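Work through the exercises below with the structure in view. Each task is followed by its solution.

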Amino acid sequence: MKNQFKLTLAGLALLAATAAWAQSAGSWMARAGITQITPHVTSGCLSAPDFGDLGTGGALGCTRIGVDKDAQIGGGITYMLSDNVSVDVPLALPFKHQILGDGSMQGAGVIGSVSALPVTVFLQYRFLSASAKFRPYVGLGATYAHFFDEQGSGRLTATTNPGGPATHFSVDSKFILTPQLGATLALDEKMFIDVFYSRSKLRTTTKMSTGQQIQADLDPSSLGLAIGFRF
């Protein structure tokens with residue numbers, strides 16, 4: 001009887017220890033780290049008139065754009081709807097991307113900048129049991145890609161409105177779907193590491209104050225690494 005009692009206590013202790021760090025239904029998780037967004041740009045031509053290659057002795061050209069990557073402090077909050085299904089809301093500071101000349105303006109350098117704040121809600125499925133220390137997951141999110149604080153350079157004005165007032169521009173914000181792959185690794189009863197990758201299809205239109213516009217497929221990918229706390 002005494003041995004059975006000891007075995008029972010040992011079993012309960014093991015269950016309690018497991019439950020303390022399990023990603024089970026009703027549990028919350030918060031994380032903080034770094035997130036990098038990398039656009040994969042396929043740009044159309046600037047609508048007429050396009051003065052992009054006048055500086056190289058040409059006539060009208062095909063001005064295209066490129067967009068560089070940016071990394072910011074990021075993180076998020078997750079709620080487990082069940083032992084395998086979760087809702088996740090990523091959080092991050094706004095990303096600031098430089099816009100580069102391409103096509104007939106290749107080599108011109110920075111022609112502008114834009115800030116971006118993607119707002120996403122993910123529905124995730126987490127594999128393996130709730131008590132597994134390593135849990136890969138897949139997710140599908142609804143994202144509102146919000147662009148703001150657009151700023152053009154003198155080179156942009158020379159391309160779109162030479163000799164005229166400075167050119168201003170705006171980038172259309174869009175709703176898109178975002179597929180996701182990720183995994184968590186438990187460090188102890190409460191702490192864990194989270195890593196994720198996602199890539200979206202995103203086509204935007206940049207509209208100039210001069211009436212010209214340019215369409216581009218940005219197709220951004222996101223890579224995040226964070227340390228989290230389970231409670």
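Residue classes are used throughout: Ala, Val, Leu, Ile, Met, Phe, Trp, Tyr, Cys and Pro count as nonpolar, Asp, Glu, Lys and Arg as charged, and the others, Gly among them, as polar. The model is predicted: local features need pLDDT of at least 70, side-chain atom pairs count only at pLDDT 80 or more, and totals for chains, interfaces and linings use all residues. Residues are numbered from 1 along each chain as its sequence is written, and side-chain values use heavy atoms, with hydrogens and water left out.

**Exercise 1.** Describe the lining of the largest pocket by class.

Solution. On a 1 Å grid over the protein atoms alone, a pocket is an open set of points with protein on both sides within 12 Å along at least five of seven lines, whereas a cavity is a set where a 1.4 Å probe fits but cannot get out; lining residues have an atom within 4 Å of a point. By class, the lining of the largest pocket holds 31 nonpolar, 17 polar and two charged residues. Strand β7 (residues 110-126) gives the largest share, nine residues; strands are DSSP runs of E, at least two residues, and helices are runs of H or I, at least four, numbered from the N terminus.

**Exercise 2.** Which classes line the second largest cavity?

Solution. Leu-46, Thr-63, Ile-65, Met-105, Ile-111, Leu-156, Thr-159, Met-208 and Ile-214 form the lining. Seven of these are nonpolar, two are polar and none is charged. At least two lining residues come from each of β3 and α2 (154-160).

**Exercise 3.** Where does Cys-62 lie?

Solution. Cys-62 sits in the loop between β2 (42-43) and β3 (63-67). Gly-103 is 41 residues away in sequence, yet 5.9 Å away C-alpha to C-alpha.
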